Amino acid sequence: MSAGPRTLLTARWVLGHAEGRHQLLRDGELVVEGDRVIFAGRHFPGEVQARFDAGDALIAPGFIDLDALADLDTTILALDNQPGWRKGRVWPRSYQDAGPVEMLSSGDLAFQKKHAFAQLIRNGVTSALPISSLFYREWGETVEELEAAADAAMSLGLRVWLGPAYRTGHLLVDEAGAIGEYFDEARGLAELENALRFCRDHSGRSGGLVSAMLSPDRIETCTPALLRRTADAGRELGVPVRLHCCQSLLEYQTVLRLRGMTPPEWLDSLGFLRPGVLLPHGVWTNDSPGIARPGRDLAIIAQSGASIVHCPLVMARGGSMLRSFPKLRGLGITIGLGTDTAPPDFFLNMQLGLMLARIAEGSPAACRSEDMLDAATLGGATALGRGDLGRLQPGAKADLIVVELGRPQHGQVIDPVQTLMVAGQGRDVRDVMIDGQWVMRDRVIPGVDELADAARAQAQFDRLVARYPQRTLGHPPVAEIFSSSYPRV
């Protein structure tokens, strides 16, 4: 435990933690000493050196984002522009044959990660496992750009798990619209070695704010050798391993065709699954509509101890959803939450996750407000094996957020958690503390010019969109790739 001055925080509501679950403290008190919580309750008996009254607010543990958007979100381009293979979301063979190129400079990559990290903090994320798209990359992420990401996280005070994304292949579409694969296993294995070097060199930086993870990209872009070596290295190093899995029908069908097994079956056969393995998104399994294949996908995941990373917003935008949140919990599967798209608003994701869980089961009893908040905090902590995160109790890390209540859009507050599940927004997060340090006060992040960064991000995004014809089937102009909602005059 790090020594330091004691600060007493008070608010209309404090979300403390005792006996294995969160508890609401009306007019509660929280005491932070150094980087740890030392008290959550009422009438702290000891001496304090500083006081902070949050007023009509909820002091809660910060959110744990297991699939945190870390670039400029190109998935929004797919909102009304489908199918993806016609709109630059799958490389044409002509682009692969000509030689893929990096479409962003090292400066662009460094900026977009720091900009994205600041947005995570603004939305109450205190722990993040970043995810960036590889669609506009030459292949995978580099050690140098992840080193820049580590520097950005440390400058902002964000707790992160980092590791370069790598792959042994990717999907391609030919001129007839047929989707196939391209693999370069030697290149992917070399990138894995770079990722392992990054893990060994950077884990535990900045007093533990920067930790390492292994991040193979997507299951259909990986070969057996890559996944076996990743699994062995993850066990040896004791780091989380995240692999996007069961996130699309195309992925599911591709793995079936290439491996003769479903994605969970294949991972199980490789010895890949274990506690500490994180699987975004888990929405397509053998019992999903349109698959109708007998199997044990969810049972395999449950028995392995791997965790599902639930990202309700990005999946719903594509027309799919987790089926279902209560079913997975009933099987004993740990569920954490991720954003994976813009905006990285945890309240929006929790609200949508709550509604979709009830729709999937046809009952409002299928999921409650606290179930979603548990996933956003305790679920992520369990997935990472970090019992000192996601809760405000003595000995836990002082990672917390102050959420304003009493705004007109909130209506009348009876229960603060239920109110936020109805009307909360990321912009309701006013203050953020990570590792005992204030990283945002009154929505101001030191050293960050929000308006200037937003303008720079837009200009960078526009340059990226302008290059889409280069990597889109038939190389049509931008206006044909991305439709307009209404005629532009």
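Strands β5 and β19 (residues 400–404) pair in the antiparallel sense over five bridges, where pairing requires that DSSP find at least two bridges between two strands. Strands (E, at least two residues) and helices (H or I, at least four) are DSSP runs numbered from the N terminus. The model is a predicted one, in which local features need pLDDT of at least 70 and side-chain atom pairs count only at pLDDT 80 or more, while totals for chains, interfaces and linings use all residues. Residues are numbered from 1 along each chain as its sequence is written, and side-chain values use heavy atoms, with hydrogens and water left out.

Five of the five residues of β5 (residues 57–61) are buried, so the strand is largely enclosed by the rest of the structure. Buried denotes under 20% relative accessible area, exposed over 50%, and partly exposed the range in between (1.4 Å probe, protein chains only).

An open sheet of three strands has the order β7-β11-β12, with mixed pairing. Strands β7 (91–92) and β12 (179–183) stand at the edges with a single partner strand each, so one side of each lacks a neighbour in the sheet. Strand β7 runs parallel to β11 (residues 169–173), to which two bridges join it, and P92 stands opposite V173 in β11. Helix α7 (residues 249–259) packs on this sheet and touches β11 and β12, its direction making about 65° with that of β12. Contact is defined as heavy atoms within 4.5 Å. Axes are lines fitted to C-alpha atoms, for helices over the stretch in contact, and angles run from 0 to 180 degrees between N-to-C directions.

Helices α4 (residues 185–202) and α6 (residues 224–237) pack at an angle of about 10°, their axes being 10 Å apart. The two are therefore roughly parallel to each other; angles under 35 degrees count as roughly parallel, over 145 as roughly antiparallel, 65 to 115 as roughly perpendicular and the rest as oblique. Residues of α4 in the contact include L189, L192 and L196, and those of α6 include L226, A233 and L237. By class, this contact has eight nonpolar, two polar and four charged residues. Ala, Val, Leu, Ile, Met, Phe, Trp, Tyr, Cys and Pro count as nonpolar, Asp, Glu, Lys and Arg as charged, and the others, Gly among them, as polar.

W266 lies in helix α8 (residues 263–269) and counts as buried at 3% relative accessibility. Apart from residues up to four places away in sequence, W266 touches I219, C222, T223, P224, L227, V255, R259 and M261. The C-alpha atoms of W266 and V255 are 8.2 Å apart, at a sequence separation of 11 residues.

Helices α2 (residues 106–122) and α15 (residues 450–466) pack at an angle of about 130°, with axes 11 Å apart, which makes α2 oblique to α15. Residues meeting in this contact include F111 and H115 in α2 and A454 and A457 in α15. The contact has three nonpolar, four polar and six charged residues.

V448 is placed in the loop between β21 (437–440) and α15 and, at 18% relative accessibility, counts as buried. Neighbours within four places in sequence aside, V448 is in contact with A118, R122, L156 and D453. V448 and H115 are 333 residues apart in sequence and 8.6 Å apart in space, C-alpha to C-alpha.
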